[in-house]
Amino acid sequence: MAEFVKKRIVVKVGTSTLTHGTGKTNIARVEKLSTVLSDLHNMGHEVILVSSGAVGVGVGKLGLKERPTTTKELQAAAAIGQGELMFLYDKMFSQYGVIVSQLLFTEEELSDETSRAHLVDTFNQLLEFGSIPIVNENDSVSVDELLNGDNDVLSARVAELTKADILIMLTDTDGLYDSNPSENENARLIETVDRITPEIEKAAGGSGRAGTGGFTTKINAARLATSAGIPVVIMNGKKPSNIYRIIEGKSIGTKFLA
């Protein structure tokens, strides 16, 4: 039997994975993801979840017909949705006896040396307690990720901050393609990226848009994490069980080498 290797795993899930086309929460998807992450936790791995979706859940709870366009409306929807999102996660993970915790912070905290040190201590203590930290940007205070990033870059910063072994980003495509698969039926999935080149950046621009960030912000996140020595995998969030295969070293989606 192979020796078990404990890993610190950061999983980022975007709005497109957590919600239906109607904008309402994809409860079945959230449950599947919670099941897989709870199981990885029970195996002995340390798991951190970076989750978008507060705005989407807030929009659904408010009964709005479409996503708001003004910043103040988005921030208010995030404030309403964040509590509902955490309630849902707590309910799902509690089925498996797993304790979740919430961490909300902004770029300002990440940029401040003292605040960063406190965040590291908090992450480490939560993981030592056996909790799965669930991270989001404090969207009701800061708007950078809310408007531009869908937490892509935040997930890379969290992976770097916590010295994670791998960052897994769940999105609505199978990975990075050499052209937009919705426009080109011959588009080819890029399975491994040794180095982020101008060609890779160009491919990201044509790979379709996921959440608010699209693939450009995912490439920025991958660059940040891999430069810190952390490999990144971008995979389709429709099948959370594929996370097992990634941890086993199998090829799923697009892997960016550290």
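Start by selecting Asp 112 in this predicted model: it caps the N-terminal end of α6, with a side-chain oxygen 3.2 Å from the backbone nitrogen of Thr 114.

Now extend the selection to residues 113-128, which is helix α6 itself. Its 16 residues reach 23 Å from first C-alpha to last, close to the 22 Å expected at 1.5 Å a residue.

Next, show the side chains of Leu 119, Phe 123, Leu 126 and Leu 127, the buried residues of α6. Turn the view to look down the helix axis: these residues fall within an arc of 95 degrees, so they line one face of the helix. Over on the other side, Glu 113, Thr 114, His 118 and Glu 128 are exposed. To see what covers the buried face, bring up β1 (8-13), β2 (46-51), β3 (99-105), α5 (107-111), β4 (131-137) and α8 (152-161), which are included in that cover.

Time for the rings: the structure holds two aromatic pairs. Go to Tyr 89 and Phe 93 for a tilted one, 6.2 Å centre to centre with 45 degrees between the planes. These two sit four residues apart in helix α4 (residues 71-94), so about one helical turn separates them. Both Tyr 89 and Phe 93 are buried.

Then pick Phe 105 and Phe 123, an edge-to-face pair at 6.5 Å and 85 degrees. This pair links distant parts of the chain, strand β3 and helix α6, 18 residues apart. Phe 105 is buried at 3% relative accessible area, and Phe 123 is buried at 0%.

Last stop: Lys 218, which lies over the face of Phe 215, 6.0 Å from the ring centre.

Key: Residues numbered from 1 in each chain as written. Predicted model: local features only at pLDDT ≥ 70, side-chain atom pairs only at ≥ 80, totals over all residues. Heavy atoms only, no water. Expected span 1.5 Å × (residues − 1). Buried < 20%, exposed > 50% of the residue type's maximum accessible area, 1.4 Å probe, protein only. Arc of directions from axis to C-beta. Contact = heavy atoms within 4.5 Å. Polar contact = N/O pair within 3.5 Å; in protein donor to acceptor, adjacent residues only side chain to side chain. Phe/Tyr/Trp six-rings, centres within 6.5 Å; stacked < 30°, edge-to-face > 60°. Lys NZ or Arg CZ within 6 Å of the ring centre and 35° of its normal.
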